[in-house]
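Dear colleague,

A summary of the findings follows it.

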Amino acid sequence: MAVVCGAKASTWEGIERSESYLVSCMFEEAASLASLIIRNLMRENHQNGNVDNDGNENELHDMLESSGMVFVQSMKELARTFEILKELKHLFGSVAAIPVQVLVTGVCFQISEGTSSDVEGYLKEFLSKWIYKDEGYYFLVEADGEEPDRRFSLGVDEYLEVVDLYVMTCLGMVLRDIDSAISWVEKASLPEDKRQELLRRLNSMNASKATSSSQAPVSSLHADKHGVESKNFSKNLEPGHVASKENSVKETILKLSGRGAPCFWWFRNTTVKFGNFRLNLSNGNILLGCILLFMCYFLKRKQASLKRVLRKQALSVKKGLVDLWQLAFSYQVNPLAAVQPLPAATRGSL
């Protein structure tokens, strides 16, 4: 037991060190350490035979999620966003083993950077590995026809978060393939109320798409009977309409990935997780902290000089106040001057 506790403590220390690398903009070191931690955790979990223990499973999930988030954010900062999902699948062994928040963040990063070509496949593979049961959970199914493995479960809300990302964002908004999205929702293993909600949203999106496409003039040339096909589509959409569509997609992606849309770099946020504690830092806060530390260091180094200067200024102010006080009370005033008669010369002149 002591050995296990020591190993866990060592793992958490490694995760905290990788998070420190990330905050310090040491992205190569952060990604390398986070990937090493993930490999070790997955290897130990496999060697232990995936022992069913709620406490151990929860802590293992937290460790994998924390190190996975560090890895994903480091890859983005290293301009290797297009590799995120491929590397995650390699580290975790399968797409289904990737923690939901890590998967969602990686997908959103890739879509936001315009590298969404293989995103659909990863999301579809993840969703196909889970089956819904009446208990209100999704259970892992390794292959079609097999019984679900009840040692590995996923909450409905977590699963639906990935569904929403796949159906509404990836298929509906990015690929504009609403028909495929509707077909997938109709066949998927979903709670019936959630299925109807998704279908309503997709039908509304489809109606909006049909309305906008009917307003855009389209010209096409059909293929002849001998197999020579030539299609020429020209859609004269207004620039404002296209820009609004692109902006709506970007806003959705930014919202799902938990990132804001900052105007300046110092408002960008960095989420750091220390165990179960999640800390959201902005570049502005980090810069302000550095300034405060520098001021404290400067004041400490110049403490003696500042004391002399302040003491000298205080003595000068004190001396000025004493001089002013003495000047104010050094002038002798005759209290009987108001009742004494004026001299005779003064009365004559009047």
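Predicted model: local features only at pLDDT ≥ 70, side-chain atom pairs only at ≥ 80, totals over all residues.

E2 and E3 belong to an open sheet of three strands, arranged in the order E1-E2-E3 with antiparallel pairing. The edges of the sheet are formed by strand E1 (130–132) and strand E3 (149–155); each has a single partner strand, so one side of each is left without a neighbour in the sheet. From one strand to the next, the twist averages 40 degrees.

**Helix H7**

Helix H7 lies across E1, E2 and E3, and runs at about 65 degrees to E3. How much of helix H7 (residues 156–174) is buried? The count is 15 of its 19 residues, so the helix is largely enclosed by the rest of the structure. Just after H7, Arg176 takes a positive phi of about 55 degrees.

**Aromatic pairs**

A search of the whole structure finds four aromatic pairs. In one of them, Tyr138 and Tyr159 are stacked, at 3.8 Å centre to centre and with 20 degrees between the planes. This pair links distant parts of the chain, since Tyr138 is in strand E2 and Tyr159 is in helix H7, 21 residues apart. Are these two residues buried or exposed? Tyr138 has a relative accessibility of 0% and therefore counts as buried. Tyr159 is likewise buried, because its relative accessible area is 1%, where the cut-off for burial is under 20%.

A further pair, Tyr166 with Trp184, is edge-to-face: the centres are 5.4 Å apart and the angle between the planes is 75 degrees. Here too distant parts of the chain are linked, with Tyr166 in helix H7 and Trp184 in helix H8 (residues 178–187), 18 residues apart. Tyr166 is buried, with a relative accessible area of 2%. Trp184 has a relative accessibility of 16% and so also counts as buried.

**Helix H2**

The buried residues in H2 include Phe27, Ala30, Ala31, Leu33, Ala34 and Ser35. Further along H2, Ile37, Ile38, Leu41, Met42 and Asn45 are buried as well.

**The protein as a whole**

The protein has 13 helices and five strands. Of its 350 residues, 31% are buried. Among the contacts with a separation of 6 or more, 55% are between residues 24 or more positions apart. The protein exposes about 22800 Å², of which carbon and sulfur atoms supply 56%.

With kind regards

Key:
Residues numbered from 1 in each chain as written. Heavy atoms only, no water. Buried < 20%, exposed > 50% of the residue type's maximum accessible area, 1.4 Å probe, protein only. Helix = DSSP H or I, 4+ residues; strand = E, 2+ residues; numbered from the N terminus. Pairing = 2+ DSSP bridges. Axes fitted to C-alpha atoms, helices over the stretch in contact; angles between N-to-C directions. Contact = heavy atoms within 4.5 Å. Areas by Shrake-Rupley, 256 points an atom, 1.4 Å probe, with all protein chains shown as cover. Phe/Tyr/Trp six-rings, centres within 6.5 Å; stacked < 30°, edge-to-face > 60°.
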